[in-house]
Amino acid sequence: MTAYLVLFASALVAATILPMQSEAVLVGLLVAGNHSVVALLLVATVGNVLGSVINWVLGRYLLRFKDRRWFPASDRQLDRAQGWYHRYGRWSLLGSWLPLVGVAGVMREPFATFLILVTVAKGARYLVLAALTLAWV
């Protein structure tokens, strides 16, 4: 049970602005071979998606503070993110494992669409990682 909690926590934190290597935790647990592969994939995906939901909420509701000195992004960075998001649209969420904190929330992407695309992207990433790891073991 502890291994699943560690994996969940690392996946959740990895999806936020804090550095964490949930992939390394997943690979380590897969190589150890003591846990269900399906359960590991589900736990990692749920944790990582939940971290992305936190980012979506932050992006959605913290934008009103963009004029404050402590706000983590400049107007230029926000404009660049908006241009990028408008160019590629919601399908860019399939690359949600890239470090773009809260962009979908800032861009007012509907939560249901966000959740579906992010879950597919993050689940697929962990699935590919597991397949590659198990092919080498």
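# Questions on a predicted helical chain

Visitor: Which residues does L30 touch, not counting residues up to four places away in sequence?
Guide: In this predicted model, contact means that heavy atoms lie within 4.5 Å. Once residues up to four places away in sequence are set aside, the residues touched by L30 are V37, L40, A130, T133 and L134.

Visitor: What average pLDDT does the chain reach?
Guide: Residues are numbered from 1 along each chain as its sequence is written, and side-chain values use heavy atoms, without hydrogens or water. The model is predicted: local features need pLDDT of at least 70 and side-chain atom pairs count only at pLDDT 80 or more, whereas totals for chains, interfaces and linings use all residues. The pLDDT is the predictor's confidence in each residue, from 0 to 100. In this chain 94% of the residues score at least 70, and the average is 88.

Visitor: In which element is confidence lowest?
Guide: Where pLDDT is low, the predicted coordinates should not be read in detail. Confidence is highest in α2, at 96, while the lowest mean, 79, belongs to α5.

Visitor: How many helices does the chain have?
Guide: Helices (H or I, at least four residues) and strands (E, at least two) are DSSP runs numbered from the N terminus. Along the sequence the pattern reads α-α-α-α-α-α. With zero strands, the secondary structure comes to six helices.

Visitor: Which residues have the most contacts inside the largest nonpolar core?
Guide: A nonpolar core is a set of buried Ala, Val, Leu, Ile, Met, Phe, Trp, Tyr and Cys residues joined through side-chain atoms within 4.5 Å; buried means under 20% relative accessible area, exposed over 50%, and partly exposed in between (1.4 Å probe, protein chains only). In soluble globular proteins, nonpolar side chains tend to be buried together. The largest such core here has 13 residues, and those with the most contacts inside it are L7, L26, L29, L30, L40, L41 and Y126.

Visitor: Which helices each supply at least two residues of this core?
Guide: Another core, of 12 residues, lies apart from it and includes Y85, A104, L117 and V118. For the core of 13 residues, the helices that each supply at least two residues are α1 (2-14), α2 (22-32), α3 and α6 (111-136).

Visitor: Which residues does T45 touch, not counting residues up to four places away in sequence?
Guide: T45 has its place in helix α3. With a relative accessible area of 12%, T45 is buried. Beyond four places in sequence, T45 touches T119, K122, G123 and Y126.

Visitor: How many residues apart are E23 and R125?
Guide: A salt bridge is a side-chain nitrogen of Lys or Arg within 4 Å of a carboxyl oxygen of Asp or Glu. The side chains of E23 and R125 meet in one, at 3.3 Å from N to O. The pair links distant parts of the chain, E23 being in helix α2 and R125 in helix α6, and their separation is 102 residues.

Visitor: How far apart in sequence are the parts tied together by E109 and R90?
Guide: The closest N and O atoms of the salt bridge between E109 and R90 are 2.8 Å apart. E109 lies in the loop between α5 (103-106) and α6, and R90 in the loop between α4 (75-88) and α5, so the parts tied together are separated in sequence by 19 residues.

Visitor: Which residues form a nonpolar patch on the surface?
Guide: Patches are made of residues with over 30% relative accessible area and no salt bridge; like charges are joined within 9 Å, and nonpolar side chains (Val, Leu, Ile, Met, Phe, Trp, Tyr) within 5 Å. L50, in helix α3 (residues 37-62), is partly exposed at 37%. Accessible areas come from the Shrake-Rupley method with a 1.4 Å probe, and for residues only the protein chains shown count as cover. Together exposing about 290 Å², the patch residues are L50, I54, L58 and L62.

Visitor: How far apart in space are L63 and G105, C-alpha to C-alpha?
Guide: L63 is found in the loop between α3 and α4. Leaving aside neighbours within four places in sequence, L63 is in contact with L58, F71, L78 and V106. L63 and G105 are 42 residues apart in sequence, and their C-alpha distance is 9.0 Å.
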